[in-house]
Amino acid sequence: MPRPIQATIKASALAHNLSVARKAAPDAKVWAVVKANAYGHGLVAAARALEQADGYAMLDFEEAIRLRLQGVKKPILLLEGFFKAQDVPLLVEYDLTPVVHTLEQIEILEKATLAKPIDAYLKVNSGMNRLGFTVDNVRIGWNALHGHEKIREVTLMTHFADADGVSGVADQLEWFNSLTQPMQGPRSLANSAALLRFPQTHADWVRPGIMLYGCSPFADQDADDLGLKPVMTLTTEIIALQNLQAGERVGYGFGFEATEEMTIAVIACGYADGYPRLAPTGTPVLVRGERTRTIGRVSMDMICIDVTALPEAYIGTPVTLWGEGLSADEVAASAGTLSYELLCGLAARVPVVEVP
Ligand SMILES: *Cc1c(COP(=O)(O)O)cnc(C)c1O
């Protein structure tokens, strides 16, 4: 038998979360963001479960081509565009829509001979200062793409730095609107947070990622409250038990010391499975649906948990690390990170089981 850990991916929850996105932005088309192997859920299966989306957005040529070879006909958006001149023939061959965000990319496109026309996105830096053109260069980029005989439709896009935070979107939205005001064309601005909180950002295409996977983009509102359902549930089993007396210590660095008699269980999951190593004592876990807490340091392959109040816990008892019944957002918050990182960090050694 393999180690008992596994990640279950629920296709109906993905479809449900997509319908939540559609209801929140009824007039926009939806790019389902499936970068990073669909946030760790498995690209091909996730894309299939999200077949009601209008297109898929990702980063890697390799992943985009994998979807095309699976028969996906919908538009595919490459969020960082292309990297080298050698990539351009692949855009044409696989009908991929690049985001164009540097003058270097424009120069490459101008020198290339495209066998067939493609669409492109022009990325505007509206204040995040990561990717995109601003001020005069927006105009240069726009004119170059419009003047290119093999570029069909040009969509204007930007990305928000703090749609989930206190700054919101107002300043970036105003800057984007003023920079692009003279340009006619479709627009795409909203990630999950903007989609859910700022209808004025919906425009023509929205780009939800994390919400499709059933997690909340907000620290102050949970996924349940947003009507989202968890897609990935990471489960394992108890593989050993220890009885501790007061003063006995647990794990690497003796990171926990019992103050009274207690029973702990060892579960088959560790940081090499993608569980956050920095999750402190007290991070929640479910033992056959009952909440308890981790004890001591997370090690590579094992974590200890408190089962003192759970006398039925025994070897083989199922344990949920995150997912149904325990949100990845809550576990991430305890570990000082985001659900994004937990989901994307699921290790390749964890078997993935798809369920309807
Ligand atoms: C990742 C990404 C998204 C999706 O963001 P979420 O916060 O997961 O909804 C949207 N747009 C761009 C450009 C991205 O890189």
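On a 1 Å grid over the protein atoms alone, a pocket is an open set of points with protein on both sides within 12 Å along at least five of seven lines, whereas a cavity is a set of points where a 1.4 Å probe fits but cannot get out; lining residues have an atom within 4 Å of a point. Points are joined across faces, edges and corners, and a volume is the space filled by probe spheres set on them. The structure is a predicted model, in which local features need pLDDT of at least 70 and side-chain atom pairs count only at pLDDT 80 or more, while totals for chains, interfaces and linings use all residues. Residues are numbered from 1 along each chain as its sequence is written, and side-chain values use heavy atoms, with hydrogens and water left out.

The largest pocket has a volume of about 870 Å³. Of the 40 residues that line the largest pocket, Tyr39, His159, Asn191, Ile210 and Tyr340 are the closest to its centre. Two or more lining residues are given by each of α2 (35-39), α9 (192-197), α10 (328-334) and α11 (339-344), helices being DSSP runs of H or I with at least four residues and strands runs of E with at least two, numbered from the N terminus. The largest share, four residues, comes from α10. Because domain 1 (11-213) and domain 2 (232-355) both give residues to the lining, the largest pocket lies between them; the domain bounds come from an automatic or database domain assignment.

The protein chain has 11 helices and 18 strands, and its C-alpha atoms fill a box of roughly 75 × 40 × 35 Å, taken along the principal axes. Buried residues (under 20% relative accessible area with a 1.4 Å probe, protein chains only) make up 51% of the 356 residues. Among contacts (heavy atoms within 4.5 Å) with a separation of 6 or more, 64% join residues 24 or more positions apart.

Threonine 97, placed in strand β5 (residues 96-100), counts as buried because its relative accessibility is 5%. Apart from neighbours within four places in sequence, threonine 97 is in contact with Ile76, Leu77 and Leu78, and also with Asp119, Ala120 and Tyr121.

Methods
Buried means under 20% relative accessible area, exposed over 50%, partly exposed in between (1.4 Å probe, protein chains only).
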